[in-house]
Amino acid sequence: MVKATINNFESLALSGKTLGNLTYSTRKSVGKRSDTDTAVVNINGSLDTLNIEPQVGFDFGMKSKTPLKLVNGKLLATEARSNGRSAIVQGIQGSLLPLSDPATDEFSEDDYDMVFVTGKDNKPVGRVRSKDAFDSHDLELFDTEAILKRDYRGQLQRDEDTGETTITGYSLDFTQTKKGDDEIGHLIRIILSKNEFERLRPNLKAYGKYVPQGLKLAFVGNETTNWTIYADTLVPLEEKAAEKPTSNQSKTTTNQADKAKG
């Protein structure tokens, strides 16, 4: 029997441009055996930092505060030592280059359609490519579950007056019909706010296909899942498909955009 996994993605393309202005700070050794050298970079001159595993030959001895850019970045789950044992943590890889270097990302800016956010407060970090994780137009809904509010000990919180539990949102489980037999058990779970789910609920159908809008991704890193996916709402696939412009409309829109740039 294949063990089900939820939102376990190998890596997602990360747009370095959307991280902000990066400046080199120092070298830091990370990894399961602390044998991976990463460059610590500051973001936008703030105390916010990222550890980035750079390309082979990167000059860790460069001057502090040197401006850099990340090209062909990747966001992934990796391993680290924690309290004497292994733990799953988020990692970033890519080429850290001088701002003057002509190299650019493999993908266009439009491909980075999902916001990578911090797990605690959903603060935006950068943009990633959802296609590396799942096909947003091939999600078939089969299950939903309420997310109940818990305290710092993990115990359910109840309303003092009614004694009822508090629902903070809903998780929606999807399968992908285009996945092969070797990927059985790979589920996509997307979180919706309580109000938005209840607005959509009367029209949601089992085995219906829905396209998530306003995607956000946060790192979790536990035995079941590495990532949490949030969405602002869902749109039925047939409605989304109907929005696609004809070839003539596409050309008109492109021409108008070109004129606007000019």
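Reader: How many aromatic pairs does the structure hold?
Author: This is a predicted model, and the structure in it holds six aromatic pairs.

Reader: Take Tyr170 and Phe197, then: how far apart are the ring centres, and at what angle do the planes lie?
Author: The centres of the Tyr170 and Phe197 rings are 4.1 Å apart and the planes are at 25 degrees, and because planes under 30 degrees apart count as stacked, the pair is a stacked one.

Reader: And which parts of the chain does that pair tie together?
Author: Tyr170 belongs to strand 11 (residues 167-175) and Phe197 to helix 1 (residues 194-200), so the pair ties together parts that lie 27 residues apart in sequence.

Reader: Are those two buried or exposed?
Author: Both Tyr170 and Phe197 are buried.

Reader: What about Phe219 and Trp227, why is that pair edge-to-face?
Author: The ring centres of Phe219 and Trp227 are 5.2 Å apart with the planes at 75 degrees, so the pair counts as edge-to-face. As for burial, Phe219 counts as buried at 15% relative accessibility, while Trp227 is buried with a relative accessible area of 1%.

Reader: Which rings link into a cluster?
Author: Tyr24, Phe58 and Phe60 are linked into a cluster by ring pairs.

Reader: Switching to charges, where does the charged end of Arg129 sit?
Author: The charged end of Arg129 sits over the ring of Phe107, at 4.0 Å from the centre of that ring.

Reader: Zooming out, what does the secondary structure of the chain come to?
Author: The chain has three helices and 16 strands, and buried residues account for 35% of its 262 residues.

Technical notes:
Residues are numbered from 1 along each chain as its sequence is written. This is a predicted model: local features need pLDDT of at least 70, side-chain atom pairs count only at pLDDT 80 or more; totals for chains, interfaces and linings use all residues. Side-chain values use heavy atoms; hydrogens and water are left out. Helices (H or I, at least four residues) and strands (E, at least two) are DSSP runs, numbered from the N terminus. Buried means under 20% relative accessible area, exposed over 50%, partly exposed in between (1.4 Å probe, protein chains only). Rings of Phe, Tyr and Trp (its six-membered ring) pair if their centres lie within 6.5 Å; planes under 30 degrees apart count as stacked, over 60 as edge-to-face and the rest as tilted. A charge sits over a ring if NZ of Lys or CZ of Arg is within 6 Å of the ring centre and within 35 degrees of the ring normal.
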